[in-house]
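Please read it with the structure open.

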Amino acid sequence: MSFLEQYNYWVVIFLMMSGFYIVIAHGNLVKKLMGLTIFQTSVFILYISISKVIGGTAPILDDKYNVYSNPLPHVLILTAIVVGVATTALGLALAVRIKEAYGTIEEDAIQEKDLQQEGSTE
Amino acid sequence: MAFLAITALSLAFAKDLFASVMFTGIYSLLSAAFFVLMDAVDVAFTEAAVGAGISTILMLTTITMTGRYENEKRYHPKIALIVVVITGIMLIFGTVDMPAFGADTAPAQVHVAPYYIMQSGEDIDIPNIVTSVLASYRGFDTFGEVVVVFTALIGVLGLLEFSRKGSELGNRPAPMFQHKVLRIVSKILIPAIMLFALYVQFHGEYSPGGGFQAGVIFASSIILYAMLFGVEQARKAVSMPVTKILAALGVLIYGSVGVVSMLNGGNFLNYSVLAENDITGQHVGIIIIELGVGITVATAMILIFLTFARRIGKNSEETA
């Protein structure tokens with residue numbers, strides 16, 4: 001039983017690390033944003049796992065139930081999801097502008113162009 | 001849970017960005033299902049609408065602009081893998097001390113949560129505890145979140161909308177206009193989706209839902225319209241300047257409820273002073289601020305999508 005008790009947290013850590021890996025190992029900016037989304041969702045899952053009470057039900061008051069799961073993390077994550085998509089949109093907008101300015105969204109190509117420009121101005 | 005892990009792994013190794021976007025969609029849908037299992041129905045609702053709907057569409061529009069395939073080259077994948085594994089091991093070591101899953105004695109369950117569960121029925125008298133915490137007890141936090149959404153909207157508009165180059169785009173046919181079945185089905189569906197959004201908006205006190213979900217669902221009906229009948233058509237239908245004003249208005253409504261309650265002698269966002277009776281005051285306050293949230297979220301999502309979509313039209317015309 002002690003193994004299963006922590007199972008949720010381990011999956012969260014696995015997801016978080018996959019997101020982290022995508023962010024650091026991939027050069028494509030859009031892919032990096034996807035990695036961040038995975039990372040973000042893993043944090044959501046962590047919060048929601050914490051809020052679960054075994055035997056509890058969804059936190060909507062009703063006379064038939066008296067054990068509820070914790071509503072506070074639900075509130076935090078609910079707003080965080082919407083804020084998350086708004087900030088992701090901002091990141092994607094930046095990626096689009098970078099594509100227009102540099103013609104690429106691969107990290108190394110952008111750096112090369114930057115270096116070239118510095119060389120030409122000096 | 002295992003499915004989630006598999007999806008994340010396939011995402012890490014997919015080279016085709018289009019496939020990756022689809023994987024993120026699947027991932028969101030799976031996590032929404034997981035949230036239902038964990039009793040978090042409100043959260044599941046939001047995740048299904050946002051993750052599987054809006055963010056997938058936004059990423060798709062972005063990759064049509066930035067190219068579908070990513071560079072094969074990885075940056076030091078071995079070092080990255082080592083860093084990731086070490087961090088993971090340390091985190092797993094950290095979980096050893098964590099309370100068992102679902103235990104009712106965990107620190108998270110014994111702080112303010114019992115107060116919310118026991119007292120919200122008396123204080124606010126609406127069944128959905130998530131809504132009472134969101135709109136009343138934690139109203140100030142929610143105000144912050146709405147402002148963040150609004151700020152992100154301003155950022156996107158500033159980056160993509162105002163820096164326009166070239167002339168206005170003509171009436172290009174929409175990408176999916178030729179599908180008759182889709183057009184007819186969505187003509188029937190769009191009013192139904194809007195109606196459902198309004199239901200979610202105003203029934204949020206009794207069942208899962210509220211301003212955030214309603215806003216996203218409403219926005220998705222407009223996005224569906226834009227995909228089938230063309231972005232320019234949709235921009236005419238929803239009138240960009242009005243939508244921009246509405247986005248600001250939503251935040252304004254929320255803030256002014258706070259100011260009105262201050263003028264009535266209470267604290268910022270203390271709704272009890274809004275009416276004769278404490279509970280009626282709470283109800284009035286919650287309905288009004290949920291409306292503010294709904295308006296801001298809906299218009300922000302619509303504007304972000306339309307701005308992105310128009311950008312594609314422009315870019316493809318320039319290259320043509």
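How many of the 26 residues of α3(B) are buried? The answer is 22, and the helix is mostly covered. The points below start from the model itself and come back to this helix.

1. The predictor gives the complex an ipTM of 0.78 and a pTM of 0.79. Chain B averages a pLDDT of 76. In that chain, 81% of the residues score at least 70.

2. Among the elements of chain B, helix α8 (residues 139-161) has the highest mean pLDDT, 84. Helix α1 (residues 2-13) has the lowest, 68. Over residues 165-171 of chain B the pLDDT is below 50. Beyond near neighbours in sequence, that stretch has 9 contacts in the model. Where pLDDT is low, the predicted coordinates should not be read in detail.

3. **Overall build of chain B.** Chain B has 13 helices and 0 strands. Of its 320 residues, 43% are buried. Take the contacts in chain B between residues at least 6 apart in sequence: 70% of these join residues at least 24 apart.

4. **Domains of chain B.** The domain assignment gives domain 1 (1-98) and domain 2 (129-320). The contact between them takes 14 residues from domain 1 and 17 residues from domain 2. On the domain 1 side, the residues divide into 8 nonpolar, 5 polar and 1 charged.

5. **Helix α3 of chain B.** This helix covers residues 41-66. From first C-alpha to last, α3(B) reaches 36 Å, close to the 38 Å expected at 1.5 Å a residue. The helix has a kink of about 30°, centred on B:V50. Just after α3(B), B:G67 takes a positive phi of about 100°.

6. **A buried valine.** B:V21 lies in helix α2 (residues 17-37) of chain B. Is B:V21 buried or exposed? B:V21 is buried, because 24 other C-beta atoms lie within 10 Å and the cut-off for buried is 20 or more. Leaving aside neighbours within four places in sequence, B:V21 is in contact with B:T56, B:M59, B:L60 and B:I63. For a sense of scale, take B:V21 and B:K236. They are 215 residues apart in sequence and 29 Å apart in space, C-alpha to C-alpha.

7. **An exposed isoleucine.** B:I184 sits in helix α9 (residues 180-202) of chain B. B:I184 counts as exposed because it has 11 C-beta neighbours inside 10 Å, and the cut-off for exposed is 12 or fewer. B:I184 and B:A248 are 64 residues apart in sequence, and their C-alpha atoms are 34 Å apart in space.

8. **The interface between the chains.** Here 68 residues of chain A are in contact with 81 residues of chain B. On the chain A side, the elements that give two or more residues are α2 (7-25), α3 (29-51) and α4 (71-102). Which of them gives the most? That is α4(A), with 23 residues. By class, the chain A side has 43 nonpolar, 18 polar and 7 charged residues.

9. **A leucine that touches chain B.** A:L90 lies in helix α4 of chain A. Leaving aside neighbours within four places in sequence, A:L90 is in contact with B:A152, B:G155 and B:V156.

10. α2(A) has 19 residues, which should span 27 Å at 1.5 Å a residue. The end C-alpha atoms of α2(A) are 27 Å apart, which agrees. α2(A) is mostly covered, with 15 of its 19 residues buried. α3(A) has 23 residues and reaches 34 Å from its first C-alpha to its last, close to the 33 Å expected. α3(A) is mostly covered as well: 20 of its 23 residues are buried.

Note on methods: Residues numbered from 1 in each chain as written. Chains lettered and ligands numbered in written order. Predicted model: local features only at pLDDT ≥ 70, side-chain atom pairs only at ≥ 80, totals over all residues. Helix = DSSP H or I, 4+ residues; strand = E, 2+ residues; numbered from the N terminus. Expected span 1.5 Å × (residues − 1). Bend = angle between axes of the 7 residues up to and from the residue. Contact = placed C-beta atoms within 7 Å. Nonpolar A, V, L, I, M, F, W, Y, C, P; charged D, E, K, R; others polar. Domains from an automatic or database assignment. pLDDT = per-residue confidence, 0-100.
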